[in-house]
Amino acid sequence: MSRIAYVNGRYLPMRDAKVHVEDRGYQFADAVYEVCEVRGGRLIDERRHLERLKRSLGELRIRMPMSAAALDVILREVVTRNRVGDGLVYLQISRGVARRDHAFPSPQPEPVLVVTARTTNMRRNEALAEKGIAVVSVPDNRWARVDIKSVGLLPNVLARQAAIDQGARDAWFVDAAGAVTEASSANAWILTPGGALVTRHADHAILRGIMRSVVLDAIKAQKLTVEERAFTLQEAYAAREAFITSATQIVMPVVQIDGRVIGDGKPGPVATALRREFHRYAEAG
């Protein structure tokens, strides 16, 4: 079955889904996006994703192209037309189409909305989680507003490729002070020898991940100790456990950082439990 995409008011086969050559998302990365998990045909934490979308648009002064209710209808229709049971739905909104110029176009063009959806291999993801992944550290060379979910992801692309080139799965960004910020497309966590779960505080240096927020809810509900603060690479090397969180990976155990084994080299009980219990705390719509 041909996949179907939504492009500015039309549902089209992927082969026919196109945007204008002067779309500002294409020329300037002047656009934002969201990726929402689909589980059992239902959107997971859609409300939180749309709230973050509105914030990102506001920070870049891009207009929301329609109401949240109308966007919800489109997201669900794209999921339905692509027969996605377990997978992801992706949406992107650019400032619109205009003659190429760095300044905002005047008058403002209509924002361009694109939505796609695809099925993910749940069995493969679970097998990966049972084994755990390796990550490498890379210098954080991104812009200073990664809290905005912009499509400008070239440093993330290069970081992920650097990890793959070294036989790892992902990369952890490390700032000039030696503190871990986040992974190339996920938030980073450690479990300290003292039993505290630590993740970077939500400032401009990280994206406030939706899965991060849900995991924080789960941790607090289970009365585990959590610290939202910067942690160093040395702390990560000495951690009992490590993991990442994202819509595409939920809770993914990390068993090796820069070639150093974390804990006993196997997914730890805390990360495993959080992955198992995650959807009890997520919103399914």
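Predicted model: local features only at pLDDT ≥ 70, side-chain atom pairs only at ≥ 80, totals over all residues.
Residues are numbered from 1 along each chain as its sequence is written, and side-chain values use heavy atoms, with hydrogens and water left out.

**Exercise 1.** Describe the surroundings of S246.

*Solution.* Begin with the position: S246 belongs to strand 14, residues 241-246. Strands (E, at least two residues) and helices (H or I, at least four) are DSSP runs, numbered from the N terminus. Next, consider accessibility: S246 has a relative accessible area of 7% and is therefore buried (buried is under 20%, exposed over 50%, partly exposed in between, with a 1.4 Å probe and protein chains only). Finally, leaving aside neighbours within four places in sequence, S246 is in contact (heavy atoms within 4.5 Å) with S185, A186 and M211.

**Exercise 2.** Determine how strand 5 pairs with strand 3 and with strand 6.

*Solution.* Two strands pair if DSSP finds at least two bridges between them. Strand 3 (residues 31-39) and strand 5 run antiparallel, joined by 8 bridges; E34 has L91 of strand 5 as its bridge partner. Strand 6 (residues 112-119) also pairs with strand 5 in the antiparallel sense, over 8 bridges, and S94 is partnered by V112 of strand 6. As for cover, 6 of the 8 residues of strand 5 (residues 87-94) are buried.

**Exercise 3.** Which residues of helix 5 are buried, and where do they pack?

*Solution.* First, list the buried residues: N156, A159 and A163. Seen down the axis of helix 5, the buried residues fall within an arc of 65°, so they line one face of the helix; the arc is that of the directions from the helix axis to the C-beta atoms. An α-helix has 3.6 residues a turn, so residues three or four places apart point the same way. The buried residues of helix 5 pack against strand 7 (133-139) and strand 8 (170-174). On the other side of helix 5, L154, V157, L158 and D165 are exposed.
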